[in-house]
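Let's take a walk through this structure together, one spot at a time.

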Amino acid sequence: MAAPATSVVVLDRGNNTTCTVNLHGATVVSWRVNNQEQLFVSKQAIFDGKRAIRGGIPIVFPQFGAWSTGPQHGFARICRWELKKPPERLPTGDVEAMFQLLDNEFTRSMWNYPFSLTYRLILREKELHFNISVYNPGAETLSFTFLLHTYFKVPDVRRCQITGMRGCTYIDKTREGAMYQEHRDVVTINEWTDRIYQNTPLEHIITNVVSGRKMRMQKYNLVDTVVWNPWVEKAKEIPDFGEEEFPNLVCVEAGHVSSPVILPPGTVFEASQILQVM
Ligand code: BG6
């Protein structure tokens, strides 16, 4: 029998705290803390095992943005990943699972290099930990960009504040890639927003996420932070997204995108992210 187009893996910590990963893209499609969903997934998301899932946490690799040899944001989010280690309870009570993507005919057709991308998730009481490693088993140096495209669920994006960008330069993709410097203590969103903040600090706090709480994002080796909301006009151009949904998400995306990761043969790139409901 043919494998199903999509299938999911659930990490269950008890107390209605779960994390659901769709093997299509190893996309985290749900993270519930005490039964409260933390991630936005569009009502119009398509789960056909082909397109990227509109919401949750798609993985962007090996190309952030438009790509001459493959689809926007690369192939990792549209490949079926292997479950390398099924969910297992750790002595702490936390639950761990591991996923892997290796090069194959499909990836080679766009990017003709060998690689091993592993993704380890640990679900804690109020935290979700992501450990990423990219290994280069080949003879040539790899050059790629990487990003975790996190869609946070929020009651109203206009009331969210994002800390940590003051003093950072950013590329404004809504203004043809012009560069600016952020002068505000907190970033707020009141229009179509698509910015790559560079050399951001290790931590951002996002206020007024679900239940009026705060979300802490900590990141390691992910030097940039993308902030995105399509607002109403751009939302209309996205087929798998409802134009009325834009107030209910804010994408704050930890990545290594404004310059590529250069990975010599036999070496590993490691990065991590911790999300914590405060
Ligand atoms: C963001 C980009 O990370 O992703 C935006 O900065 C892009 O430019 C957005 O529009 C969504 O991309 P996609 O391919 O999932 O529609």
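Let's begin at Glu 253, which is buried because its relative accessible area is 1%, below the 20% cut-off for that word. Please keep in mind that this is a predicted model. You will find Glu 253 in strand E20, which runs over residues 249-263. Setting aside residues up to four places away in sequence, Glu 253 has contacts that include Phe 64, Asp 224, Trp 228 and His 149.

The last of those names deserves a stop. The side chains of Glu 253 and His 149 are joined by a polar contact of 3.5 Å. His 149 belongs to the loop between strand E10 (142-148) and strand E11 (151-153). Is His 149 buried or exposed? With a relative accessible area of 5%, His 149 is buried. Among the residues that His 149 touches beyond four places in sequence are Gly 56, Pro 58, His 73 and Cys 251.

There is also a record to consider for these two. An unreviewed UniProt entry gives the annotation "active site" to His 149 and Glu 253.

Now let's turn to another annotation. The unreviewed UniProt entry places the feature "binding site" at Arg 54, Gln 72 and Arg 77. These residues are spread over 24 residues of sequence but cluster in space, with a largest C-alpha distance of 13.4 Å. Arg 54, Gln 72 and Arg 77 are included in the lining of the largest pocket.

Take Gln 72 and Arg 77 in turn. Gln 72 lies in the loop between strand E5 (59-60) and strand E6 (82-89), and Arg 77 is placed in the loop between E5 and E6 as well. How exposed is Gln 72? Its relative accessible area is 43%, so Gln 72 counts as partly exposed. Arg 77, in turn, is buried, with a relative accessible area of 13%. The side chain of Arg 77 reaches the backbone oxygen of Gln 72 at 3.2 Å, while the side chain of Gln 72 reaches the backbone nitrogen of Ala 66 at 3.4 Å. Beyond four places in sequence, Arg 77 also touches residues including His 24, Gly 25 and Ile 59.

Next, look at Ser 7, in the segment before strand E1 (8-14). Ser 7 counts as buried because its relative accessibility is 19%, just as the cut-off of under 20% requires. Its side chain makes a polar contact of 2.8 Å with the side chain of Arg 80. Leaving aside neighbours within four places in sequence, Ser 7 is also in contact with Val 21, Asn 22 and Leu 23.

How many aromatic pairs does a search of the whole structure find? The search finds 19. One of them joins Trp 67 and Phe 75, a tilted pair with 5.9 Å from centre to centre and 50 degrees between the planes. Trp 67 and Phe 75 are both buried. They belong to one aromatic cluster together with Phe 61, Trp 111, Tyr 113, Phe 115, Phe 144 and Phe 269. A ring also meets a charge in this model: the charged end of Lys 234 sits over the ring of Trp 192, 4.5 Å from its centre.

Terms used. Residues numbered from 1 in each chain as written. Predicted model: local features only at pLDDT ≥ 70, side-chain atom pairs only at ≥ 80, totals over all residues. Heavy atoms only, no water. Phe/Tyr/Trp six-rings, centres within 6.5 Å; stacked < 30°, edge-to-face > 60°. Buried < 20%, exposed > 50% of the residue type's maximum accessible area, 1.4 Å probe, protein only. Lys NZ or Arg CZ within 6 Å of the ring centre and 35° of its normal. UniProt positions renumbered as here; feature names shortened; annotations may be inferred. 1 Å grid on protein atoms, 1.4 Å probe; cavity = no way out; pocket = protein on both sides within 12 Å on 5 of 7 lines; lining within 4 Å. Helix = DSSP H or I, 4+ residues; strand = E, 2+ residues; numbered from the N terminus. Polar contact = N/O pair within 3.5 Å; in protein donor to acceptor, adjacent residues only side chain to side chain. Contact = heavy atoms within 4.5 Å.
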